[in-house]
Amino acid sequence: MGVVEETIWGTFRSRPVFLYTLNGASGAAAHVTNYGAILQSLEIPDEAGRLVDVVLGFDTLEDYLGGHPFFGTTVGRCANRIAGGRFTLEGRDYHLAINDGAGPNHIHGGPGGFDKQIWEPVDFGQREEGPFVSMTYTSVDGEEGYPGTVETTVTYTLTGDDELRILMKARTDRSTVVNLTNHSYWNLNGHQAGPVLDHEVTLFADAYTPVDRHLIPTGEVRPVAGTPFDFTEPKTISAEMDAISSPGLQEPDRTEGPGGTGGPGGYDHNFVLREADGRVRPAAQVASRRSGLAMAVRTDQPGVQFYTGNNLTDALTGKQGAVYGRHHGFCLETQAFPDAVNRQGSPGWPSVILQPDGVYRHEVCYAFASTSTTTSASAEPDR
């Protein structure tokens with residue numbers, strides 16, 4: 001068995017689709033496909049050495065082609081929502097597809113976004129950090145309504161200490177919007193294990209961005225202290241989830257694919273990460289006492305969208321016949337803030353505008369360990 005294995009997984013638009021297996025020293029394995037630059041599975045050894053696949057997804061390419069709620073995808077050009085599918089850049093108005101079930105918005109790059117494209121594999125093998133695969137996608141001027149041609153590269157690396165690193169880079173030939181993310185749904189008990197409401201979550205964020213009834217940020221940056229959005233100390237996902245249905249906090253679910261149900265039912269909010277200065281630093285810590293696995297998330301991005309799988313339904317069948325229902329996975333989408341393109345220049349809001357002389361860079365790392373091992377994300381050195 002090689003460090004990285006390449007197998008043909010199918011075809012899409014007469015082009016081959018590959019599945020790459022990155023084999024780690026501990027027995028961990030990451031499976032990545034060049035369709036949508038998707039993380040198809042991630043198998044991590046638990047305390048007993050048994051491999052646990054902690055990512056929701058499908059067994060076949062055909063299942064991904066049939067539509068799904070962005071399982072494991074690389075999302076672009078612009079992750080999250082753009083209000084009304086409109087923005088103005090350098091004096092010109094742009095109109096995008098309205099494809100968000102939660103409201104009249106554009107979401108995750110549109111119906112033909114990066115997640116539904118064939119990426120070109122450019123390199124794979126072994127580096128000092130571990131096995132890797134790198135792939136590129138060229139989004140042409142006008143694609144999904146966005147200006148400029150954007151060249152994007154995504155590299156997945158599985159390190160020797162069971163850390164999955166994802167590095168996203170982009171360049172453009174004219175001013176445009178770029179805000180990428182990885183959209184994996186995690187379940188530390190295993191992708192087939194049911195609800196994640198017992199997972200203990202810590203978010204390294206003292207504030208969040210409240211949203212309106214269509215899940216568009218109001219422009220306020222509000223402290224989490226004293227609210228159900230306070231994850232500055234570990235607590236289970238379910239601990240205060242019902243409280244966000246209270247008057248003034250109720251915010252409807254988003255629909256990202258087939259089977260959206262609407263109504264209250266969980267978190268779908270952007271959290272403002274501490275010390276957003278471009279360094280890779282702690283974003284989140286998640287632990288499951290049931291499996292004994294812990295996951296530390298680090299990123300160089302200013303925000304993270306915490307989403308609790310509110311719109312997964314029992315109609316969705318995943319890997320090995322597993323049924324994915326509501327709250328069977330959670331997302332930690334590192335990003336710039338939702339609708340940031342319409343708040344450029346507002347205090348506290350990051351820019352999502354990429355210029356021709358600039359380079360977009362986004363790194364996110366998912367490190368796994370036993371809950372019995374001391375794994376303080378805040379103790380890891382910044383890079």
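Strands are DSSP runs of E with at least two residues, and helices are runs of H or I with at least four residues, each numbered from the N terminus. Two strands are taken to pair if DSSP finds at least two bridges between them. The model is predicted, so that local features need pLDDT of at least 70 and side-chain atom pairs count only at pLDDT 80 or more, whereas totals for chains, interfaces and linings use all residues. Residues are numbered from 1 along each chain as its sequence is written, and side-chain values use heavy atoms, with hydrogens and water left out.

With β2 (residues 15-23), β3 pairs in the antiparallel sense over five bridges, and Thr21 stands opposite His31 of β3. The hairpin of β2 and β3 has five residues between the strands, and Gly27 there takes a positive phi near 105°. Strand β4 (residues 38-45) is likewise joined to β3 by five bridges, in an antiparallel arrangement; Glu43 in β4 is the bridge partner of Ala29. Four residues lie between the strands in the hairpin of β3 and β4, where Gly36 adopts a positive phi near 70°.

Strand β3 (residues 29-33) is mostly covered, five of its five residues being buried. In a regular strand, side chains alternate between the two faces of the sheet. In β3 both faces are covered: Ala29, His31 and Thr33 are buried on one side, and Ala30 and Val32 are buried on the other.

Five strands form another open sheet, in the order β19-β18-β21-β24-β27, and the pairing is antiparallel. Strands β19 (222-223) and β27 (331-335) stand at its edges, each with a single partner strand, so one side of each is left without a neighbour in the sheet. Three bridges connect β18 (residues 205-208) with β21 (residues 268-273) in the antiparallel sense, and Phe271 in β21 is the bridge partner of Tyr208.

Key: Buried < 20%, exposed > 50% of the residue type's maximum accessible area, 1.4 Å probe, protein only.
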